[in-house]
Amino acid sequence: MNIAELGDRILNGERRALARAITLVESGRDDHRAQATALLDRLAGVGRQALRIGLSGTPGVGKSTFIESFGMMLTGQGLRVAVLAVDPSSARSGGSILGDKTRMERLSREKNAFIRPSPSQSHLGGVARRTREAIALCEAAGFDAVLIETVGVGQSETVVAEMSDLFLLLLAPAGGDELQGVKRGIMEMADMILINKADGDLKATATRTCADYAGALRLLRKRPQDPEGFPKAMTVSAVEEHGLEQAWDEMQTLTTWRRDAGHWASNRATQAQYWFKQEVRHALLARLETPQMRDRMSDLGTQVSAGRLSPSAAADQILAGLSDT
């Protein structure tokens, strides 16, 4: 693969080249990882940035419907939108349905939109391991906004906040009382809470739910990266496309304030350090997967099972072996 040529095609906004590059960074082969690193290094100096929007929510809350309606609104304003949708992988077979592109039928036909579903595989936190690198590729390709849809696994799903500029939490009407808003974890990470399905018979319920969460957000400790009034809760209807423009206006207000106050740059710098440490951890874990280390682990595991060696002592021997290699 000609990395220089692929990089130039991505910079020219070629969708097929972008799709091929994302496949490359998602590969676990050593030669592919070397090529992916070279490609990302080549594109890093371009300096293009997009607004990275992470979006989470419980299954069935309407994330895909919201992203399609929201994405259509953005493309209608002349913006280029990339959607990275992470699909849960089966714990048994390891397979994924990857049906998000099928759900977003209108957006998938839009020339200024790019949709890429990826399997979560064994990575926790609601995103795929290489989603961050796929975001960088989309930025290099000239997209104005990158939407990261997570698998929607619950309150521990906070990794997406470490790769996005704005983190949206999508909730359904009557999904819980206001005490849900003070739970630690995902609620504390959200920059905006959007109560979806505020239409039809659920409109009044959505308004009450929004008021509950707005009150709960006021109980949380104020963060330095938030201006007055944020984080905030709003109602939207992805089906009727109500409230989307107001939500976008609020996102732009928050983004502009963070840029002017210096939080945008510092947040991205902090995220880069976080992912550097994550790469080191993954590299160390990968060294446990060599045939020699697997045999060593199996031998020590047998001794631990038989009671001849404590788990701590066995772990010390494995770590000592890693330091010698």
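## Backbone, ring contacts and helix packing

Lysine 197 is partly exposed, with a relative accessible area of 30% (buried means under 20%, exposed over 50% and partly exposed in between, with a 1.4 Å probe and protein chains only). The model is predicted, so that local features need pLDDT of at least 70 and side-chain atom pairs count only at pLDDT 80 or more, whereas totals for chains, interfaces and linings use all residues. Residues are numbered from 1 along each chain as its sequence is written, and side-chain values use heavy atoms, with hydrogens and water left out.

Lysine 197 belongs to the loop between strand 6 (192-195) and helix 9 (helices are DSSP runs of H or I with at least four residues, strands are runs of E with at least two, and both are numbered from the N terminus). The phi angle of lysine 197 is near 65°, a positive value in a residue other than glycine. Glutamate 241, in the loop between strand 7 and helix 10 (244-261), likewise has a positive phi, near 60°, and it is partly exposed at 39% relative accessible area. A further backbone feature is the cis peptide bond from phenylalanine 230 to proline 231, whose omega is near -5°; proline 231 is found in the loop between helix 9 (203-217) and strand 7 (232-235).

Turning to the aromatic side chains, a search of the whole structure finds four aromatic pairs (ring centres of Phe, Tyr or the six-membered ring of Trp within 6.5 Å; planes under 30 degrees apart are stacked, over 60 edge-to-face, and the rest tilted). One of them joins phenylalanine 114 and phenylalanine 143 in a tilted arrangement, with 6.1 Å centre to centre and 45° between the planes. Because phenylalanine 114 lies in strand 3 (residues 113-119) and phenylalanine 143 in the loop between helix 7 (131-140) and strand 4 (145-149), this pair ties together parts that are 29 residues apart in sequence. Tyrosine 274 and tryptophan 275 form an edge-to-face pair, at 5.0 Å centre to centre and 90° between the planes. Phe66, Phe70 and Trp248 form one aromatic cluster.

Rings also meet charged groups here. The charged end of arginine 80 sits over the ring of phenylalanine 143, 4.2 Å from its centre (NZ of Lys or CZ of Arg within 6 Å of the ring centre and within 35 degrees of the ring normal). Arginine 259 lies over the face of tryptophan 264, at 3.7 Å from the ring centre.

The search for disulfides across the whole structure finds zero (a disulfide being a pair of cysteine sulfur atoms within 2.5 Å).

| Residue | Relative accessibility | Class |
|---|---|---|
| Cysteine 138 | 0% | buried |
| Cysteine 210 | 11% | buried |
| Phenylalanine 114 | 6% | buried |
| Phenylalanine 143 | 3% | buried |
| Tyrosine 274 | 25% | partly exposed |
| Tryptophan 275 | 6% | buried |

Finally, the axes of helix 2 (residues 15-26) and helix 7 come within 9 Å and cross at roughly 155° (axes are lines fitted to C-alpha atoms, for helices over the stretch in contact, with angles from 0 to 180 degrees between N-to-C directions). Helix 2 is therefore roughly antiparallel to helix 7 (angles over 145 degrees count as roughly antiparallel, under 35 as roughly parallel, 65 to 115 as roughly perpendicular and the rest as oblique).
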